[in-house]
Amino acid sequence: MEMKRIKIIVLSVLMVSALSAKAEELKLWYKAPAKEWTEALPLGNSRLGVMVYGNPANEELQLNEETVWGGGPHRNDNPAGLSHLAEVRQLIFADKTREAEDMLNKYFKTPQNGMPYQTIGSLKLHFAGHENFTNYYRDLNIGNAVATTRYTANEVNYTRELFASLTDNVIIMRITADKKGALNFTADYSSPIVGFAVKVRDGKLILNGNGSDHEGIKGVIRVENQTYIKTTDGKVEAGTNNLKVSGATTATIYISAATNFVDYLTVTADPEKKASAYLKEALKKSYDKAMSDHVAAYQKQFNRVALNLAPTEASKAETPERVRNFFKGNDQNLVALMFQFGRYLLISSSQPGGQPANLQGIWNNQLMAPWDGKYTVNINTEMNYWPAEVTNLSETHQPLFQMIKELSESGKGTARALYGCNGWVLHHNTDMWRSTGPVDAASWGQWPNGGAWLCNDLWEHYQYTGDKEFLKEVYPAMKGSADFFLDFLVEHPTYHWMVTVPSNSPEHGPLGKSTIVAGCTMDNQIVFDILSNTLHATQALGGDAAYQTKLKNMIDKLAPMQIGKYNQLQEWLEDVDNPKEDHRHVSHLYGLFPSNQISPYSNPELFQAAKTSLIHRGDQATGWSIGWKINLWARLLDGNHAYKIIQNMLKLVGDSRDGRTYPNLFDAHPPFQIDGNFGFTSGIAQMLLQSQDGAVQLLPALPEVWSEGSISGLMARGGFEVSMEWDGAQLKEAKILSKLGGNLRIRSYVPLKGEGLTPAKGDNPNPLFETAAIKKPLVSDKINPQQPLLYKVYEYDIQTTPGKTYRLNR
């Protein structure tokens with residue numbers, strides 16, 4: 001009996017040790033306070049964001065609320081545009097694209113280029129006598145979304161814990177001293193915000209401010225930030241513009257903020273009333289209860305997926321050192337941390353009922369963030385949500401879906417005013433006010449495909465969830481975008497395909513020419529997707545047969561993809577690609593990822609041409625572009641090259657001009673753009689699981705350096721939750737939970753055994769695995785098209801039952 005008890009105790013100790021080790025793997029940690037914003041640690045509950053510096057003597061909590069934006073409701077449609085559209089098109093077809101660009105800048109733009117996302121400011125905590133400290137440590141635990149700072153000053157050990165509560169809608173910080181009555185500090189605000197004013201009211205430190213005027217649009221946002229401090233002992237005294245804590249042992253700080261924003265057309269809410277209500281409810285809970293509720297809500301989402309790439313001695317180093325030394329190849333666990341950090345950021349910046357994550361996520365310390373912190377929809381906003389479905393965070397997609405619905409309304413006016421078309425249109429940028437006209441110069445902004453690309457997220461969510469009620473709800477947005485292109489496309493006078501014009505291949509043009517073109521490859525791919533996906537959605541919902549025919553007829557008139565004289569996928573209708581061009585955008589590879597139009601199995605020559613184009617673009621790029629390239633190399637089934645791109649991402653900013661990761665693991669364009677973080681996370685998922693090409697492909701692009709590991713909880717189309725273990729860089733075992741039932745087609749590099757497995761025959765009958773029925777690509781008569789070298793694959797079908805898990809092994 002005693003021996004059994006000893007065994008149980010030993011087993012319990014081992015289990016606790018294993019859990020503790022796993023928790024340590026999910027921490028960003030540092031030996032010193034943050035000196036720069038990109039060293040501070042981000043926390044958020046989607047609505048509120050905070051950057052924690054961890055300075056013992058002068059703590060800074062930089063604050064954001066998701067609806068603090070400059071400007072206000074407005075439209076940016078130039079009424080002169082429509083009357084000049086025909087002339088612009090004639091100029092483009094006559095190859096007078098510079099003249100066309102000049103006309104677009106004159107007649108299609110307005111002075112409004114989108115409104116800026118803005119900071120509230122900072123709460124500052126001043127601790128006299130804490131300038132000299134020892135035993136310093138700070139971390140962000142992404143396993144529970146809590147940041148901790150510890151240090152010793154004047155022989156007292158101080159601890160600060162902070163979280164942005166997902167359940168109580170406030171930010172909560174607890175500060176403790178291990179000596180009774182040793183906690184003394186003053187709290188005040190600093191802020192660049194317009195109308196910055198501070199007062200104390202009802203024991204709360206109040207900050208008021210306004211969103212700024214911008215480009216002729218009056219700032220209408222009013223924000224109130226409230227800070228309240230509770231102590232177990234000691235005193236909290238109010239000054240005219242600060243709160244002073246003295247003689248305390250524990251202090252708990254509550255931060256609540258709100259604005260007058262109701263929706264993109266309405267700003268009539270009472271920020272004081274809203275902020276006070278959030279704070280009042282939060283104060284009803286004990287600190288321990290608030291913490292446990294927050295952690296439970298966070299882990300309900302975060303714990304769905306676990307990636308194990310075994311830690312080593314190198315994994316124990318301080319986070320910046322881990323990034324600095326990643327090139328040595330002995331810390332693959334950093335990839336797992338960076339993967340989960342992306343999931344952490346998405347949970348923290350995008351929850352149902354809120355705004356979507358913008359270029360900054362929700363974290364911004366300026367009034368004029370880089371690129372205004374807007375929603376750039378010629379890739380960046382879409383990239384933010386690439387991990388949402390595949391990494392099992394489907395609910396984080398909801399704010400984007402709501403924005404798409406709103407844009408589908410505001411974009412109707414732009415479609416009519418600029419192009420005389422039905423449906424709705426969005427160009428390459430939008431903001432909280434859902435502006436849909438062109439912004440910035442025509443060379444970037446004259447790109448009418450933003451709404452169509454965003455609609456892919458709607459269809460993809462349906463493919464992952466099979467939720468027909470959702471599809472019914474969002475179908476009007478999809479149909480509205482398709483309707484726009486049914487009207488907008490015109491016949492090219494030379495090629496006789498139906499093309500978009502005027503447009504551009506994002507931010508890039510043929511050598512020596514304007515970016516303004518007709519029918520570039522990316523446009524053709526996006527139009528194919530919106531028309532095809534709307535067709536499939538109409539069929540799934542039993543929609544109008546005549547409308548289906550109309551969609552099919554237009555799809556048949558679109559341009560095919562083309563393989564050019566360098567065996568490359570052409571970026572434009574003409575074969576004018578420059579093989580030495582390393583532009584950050586690889587827009588013509590949209591069809592490879594995030595779309596599913598380029599398949600190694602059904603279009604191998606096109607697949608190889610896409611690979612050639614990616615090789616031409618090179619392996620170095622801006623942070624977000626590197627994130628995209630990880631996904632692209634994963635789709636090219638080349639795990640070793642994808643890993644090479646990962647190495648390019650995990651270089652510390654400041655160590656070299658190619659640094660793409662800040663000390664706090666934020667992605668560097670540079671400067672900071674959050675989309676690179678999300679692109680990284682998506683890329684790792686694509687290396688481990690793909691489901692866009694008619695089957696669930698297991699470990700499609702596993703690099704040799706990840707010889708052993710495991711992943712649990714990834715999602716595939718068809719509602720299949722996939723967990724895998726591998727060794728020798730080959731699949732060892734897979735467990736697949738069928739949430740919806742239906743046919744499961746498996747694709748594997750190794751032969752498999754398991755219940756219900758039968759060799760696959762014909763097309764996958766599961767409609768959630770719809771593949772792209774593209775036209776046969778055209779091939780330059782100057783080349784013999786190349787074929788890719790592909791591993792042999794084994795394909796199986798399983799007729800699954802909802803709720804049942806299927807085990808497969810080699």
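**Close-up views of a predicted model**

**View 1. An aromatic cluster.** Phe108, Tyr419, Phe484, Phe485 and Phe488 come together as one aromatic cluster. Rings here are those of Phe, Tyr and Trp (for Trp, the six-membered ring), and two of them pair if their centres lie within 6.5 Å. By plane angle, under 30 degrees counts as stacked, over 60 as edge-to-face and the rest as tilted. Across the whole structure, the search turns up 33 aromatic pairs.

A quick note on the ground rules: this is a predicted model, with local features needing pLDDT of at least 70 and side-chain atom pairs counting only at pLDDT 80 or more, while totals for chains, interfaces and linings use all residues. Residues are numbered from 1 along each chain as its sequence is written, and side-chain values use heavy atoms, with hydrogens and water left out.

View 2. Helices and strands are DSSP runs numbered from the N terminus (helices: H or I, at least four residues; strands: E, at least two). Tyr298 counts as buried because its relative accessibility is 1%, and Tyr344 counts as buried at 0%. For the cut-offs, buried means under 20% relative accessible area, exposed over 50% and partly exposed in between (1.4 Å probe, protein chains only).

**View 3. Phe720 and Phe769, a tilted pair.** The ring centres of Phe720 and Phe769 sit 6.3 Å apart and the planes are at 35°, so this pair is tilted. Phe720 is in strand E28 (residues 720-727) and Phe769 in the loop between strand E32 (758-759) and E33, so the pair ties together parts 49 residues apart in sequence. Phe720 counts as buried at 0% relative accessibility, and Phe769 counts as buried too, at 4%.

**View 4. Arginines over rings.** Arg138 lies over the face of Tyr30, 4.4 Å from the ring centre. Arg343 does likewise with Phe302, at 5.3 Å from the ring centre. The test is that NZ of Lys or CZ of Arg is within 6 Å of the ring centre and within 35 degrees of the ring normal.

**View 5. An open sheet of 7 strands.** The strand order is E2-E3-E4-E5-E10-E15-E14, with antiparallel pairing. At the edges are strand E2 (41-44) and strand E14 (235-238), each pairing on one side only. Two strands pair if DSSP finds at least two bridges between them. E2 and strand E3 (residues 48-52) share 4 bridges, and Leu43 stands opposite Val50 in E3. Strand E10 (residues 183-190) is joined to strand E15 (residues 243-248) by 4 bridges, with Ala187 having Leu243 in E15 as its bridge partner. E14 and E15 are antiparallel and joined by 4 bridges, a hairpin connects them through 4 residues, and Ala238 stands opposite Leu243.

**View 6. Leu790 in its loop.** Leu790 is found in the loop between strand E33 (778-779) and strand E34 (794-800). Leu790 counts as partly exposed because its relative accessibility is 35%. Leaving aside neighbours within four places in sequence, Leu790 is in contact (heavy atoms within 4.5 Å) with Pro600, Tyr601, Phe607 and Leu637.
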